[in-house]
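Here's a quick briefing to read with the model open in your viewer.

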Amino acid sequence: MSGNIELLNTTLAAAKAADRAALIAYLPAGFPTVDGGIEAVKAVVAGGADIVEVGLPHSDPVLDGPVIQTADDIALRAGVRIADVMRTVREAYEATGVPILVMTYWNPIDRYGVERFTAELAEAGGAGCILPDLPVQESALWREHAEKHGLATVFVVAPSSQDARLATITAAGSGFVYAASLMGVTGTRASVGAQAQNLVERTRATTDTPVCVGLGVSDAAQAAEVAGFADGVIVGSAFVKAMLDAPDEAAGLAAVRSLAGELAEGVRKR
C-alpha cells in the first residue's frame, strides 16, 4: 500500500488556493493514553486542523521543550511503542481523512528498521515523516524507502541555516519544509519574531515546496501573523498544554478542539 504524500500535497495546495495557510497540529501518540491520543487527533481536526503531526515519544527529545517532554514521559511510562504510534496514525486517518505525519527522532527508526517503519507507516495511511535530527547527507536510505512507499520526507531548517545549506535541505525534502521560527526548543512564546519571516523568505528562494513555520505559535493572533508569510502554521505545545492543564480527558478534548477552532480562524485572518 502506498502512503499519502499526494493527500498532503493536495491539502497544502487547497489551502493556498483558498488564499490561506494550512493549520498543522502536533500531538504525541500515547498521550494521555493511546486511545486518548487518537481522540485528541479527532478533536483538533474537528476544530479545524488541516494536517496532523503525531509525535513518536522519545526519551531524549532534543527539539522538544518541557511541555512536550512531560507528555512524552507520560506516554513512555505507560509503555507506548511504535505499534501504538502506527495504530494512532491508522485510526486517526481512517476517522478524519486528513494527512497524518509522524514526527520522530532518527534513533527509534534506525533501531526498528527503515524498510519496516516506512512500510508500516504507508500501510497505516501515513503521509510521511518529520525528521528533525536526521542530517540530509545521511538520509539517502530513508529517502529511498520513503519514496518507494509514497511518504513525504520533511526536514527542519533553522534561522542559523546558511543559504547554501537551505538549498541542500530543500532539494532533498518533500511535502513541506519545517521552518523553526527561532533557535531553541518547542514551547509557547509571547512573540514569534521577525526571524521566522526572514527564514521563510530565504527558504522559498531555494524551492517551490511549501514552507510551514513551527515553534512558538500558541494563539489566534500569532497564527494570523505567521499565516501572513508562511504556507502552514504548526502548533504543538499549546495543544499539549491544553491537555495537561485539563482536569480530565473529556475537558482536555474539548479544550484542544476549541483551540484548534481559534487557530483555524486565525490562519484565515492573515
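Two strands count as paired if DSSP finds at least two bridges between them. With that in hand, Cys 212 stands opposite Gly 232 in strand 9. Keep in mind that this is a predicted model.

- Strand 2 and strand 3 (residues 100-103) run parallel and are joined by four bridges.
- Within that pairing, Val 52 has Ile 100 of strand 3 opposite.
- As background, strands in a sheet pair through backbone hydrogen bonds, and they can do so in a parallel or an antiparallel way.

**Around strand 9**

- What does strand 9 pair with in the parallel sense over four bridges? That partner is strand 1 (residues 22-28).
- Leu 23 finds its bridge partner in strand 9 at Val 233.
- Strand 8 also pairs with strand 9 in the parallel sense, here over two bridges.
- To get from strand 8 to strand 9, the chain passes through helix 10 (residues 220-227), and this β-α-β crossover is right-handed.
- Strand 9 (residues 232-235) is covered on both faces: Gly 232 and Ile 234 are buried on one side, Val 233 and Val 235 on the other.

**Helix 9 and its cover**

- Helix 9 (residues 194-204) has Ala 196, Leu 199, Val 200, Arg 202 and Thr 203 as its buried residues.
- These residues span an arc of only 165 degrees around the axis, which puts them on the same side of helix 9.
- In general, an α-helix has 3.6 residues a turn, so residues three or four places apart point the same way.
- The cover over the buried residues of helix 9 includes strand 6 (156-157), helix 8 (163-172), strand 7 (177-180) and strand 8 (211-214).

**Aromatic pairs**

- How many aromatic pairs does a search of the whole structure find? It finds three.
- One of them is Trp 106 with Trp 142, an edge-to-face pair at 6.2 Å centre to centre with 90 degrees between the planes.
- That pair links distant parts of the chain, since Trp 106 is in helix 5 (residues 106-112) and Trp 142 is in helix 7 (residues 140-148), 36 residues apart.
- Trp 106 and Trp 142 are both buried.
- Why is the pair of Tyr 112 and Phe 117 edge-to-face? Their ring centres are 6.2 Å apart and their planes are at 90 degrees, and planes over 60 degrees apart count as edge-to-face.
- Tyr 112 is buried at a relative accessible area of 17%, and Phe 117 is buried at 0%.
- Trp 106, Tyr 112, Phe 117 and Trp 142 make up one aromatic cluster.
- Arg 116 lies over the face of Tyr 112, 3.8 Å from the ring centre.

- His 58 is in the loop between strand 2 (51-55) and helix 3 (66-77).
- Is His 58 buried or exposed? With a relative accessible area of 15%, His 58 is buried, because the cut-off for buried is under 20%.
- Not counting residues up to four places away in sequence, His 58 touches Asp 72, Leu 76, Tyr 105, Asn 107 and Pro 108.
- Thr 153 belongs to strand 5 (residues 152-154) and counts as buried at 3% relative accessibility.
- Setting aside neighbours within four places in sequence, Thr 153 contacts Cys 129, Leu 131, Trp 142, Arg 143, Ala 146, Gly 173 and Ser 174.
- Thr 153 and Leu 131 are 22 residues apart in sequence, with 7.4 Å from C-alpha to C-alpha.

**Backbone details**

- The peptide bond from Phe 31 to Pro 32 is cis, with omega near 0 degrees.
- Pro 32 lies in the loop between strand 1 and helix 2 (34-47).
- Asp 19 has phi near 60 degrees, a positive value in a residue other than glycine.
- You'll find Asp 19 in the loop between helix 1 (5-17) and strand 1, and Asp 19 is exposed, with a relative accessible area of 58%.

Terms used: Residues are numbered from 1 along each chain as its sequence is written. This is a predicted model: local features need pLDDT of at least 70, side-chain atom pairs count only at pLDDT 80 or more; totals for chains, interfaces and linings use all residues. Side-chain values use heavy atoms; hydrogens and water are left out. Rings of Phe, Tyr and Trp (its six-membered ring) pair if their centres lie within 6.5 Å; planes under 30 degrees apart count as stacked, over 60 as edge-to-face and the rest as tilted. Buried means under 20% relative accessible area, exposed over 50%, partly exposed in between (1.4 Å probe, protein chains only). A charge sits over a ring if NZ of Lys or CZ of Arg is within 6 Å of the ring centre and within 35 degrees of the ring normal. Contact means heavy atoms within 4.5 Å. The arc is that of the directions from the helix axis to the C-beta atoms. A crossover is right-handed if, with the strands pointing away from the viewer, the path from the first strand over the helix to the second runs clockwise.
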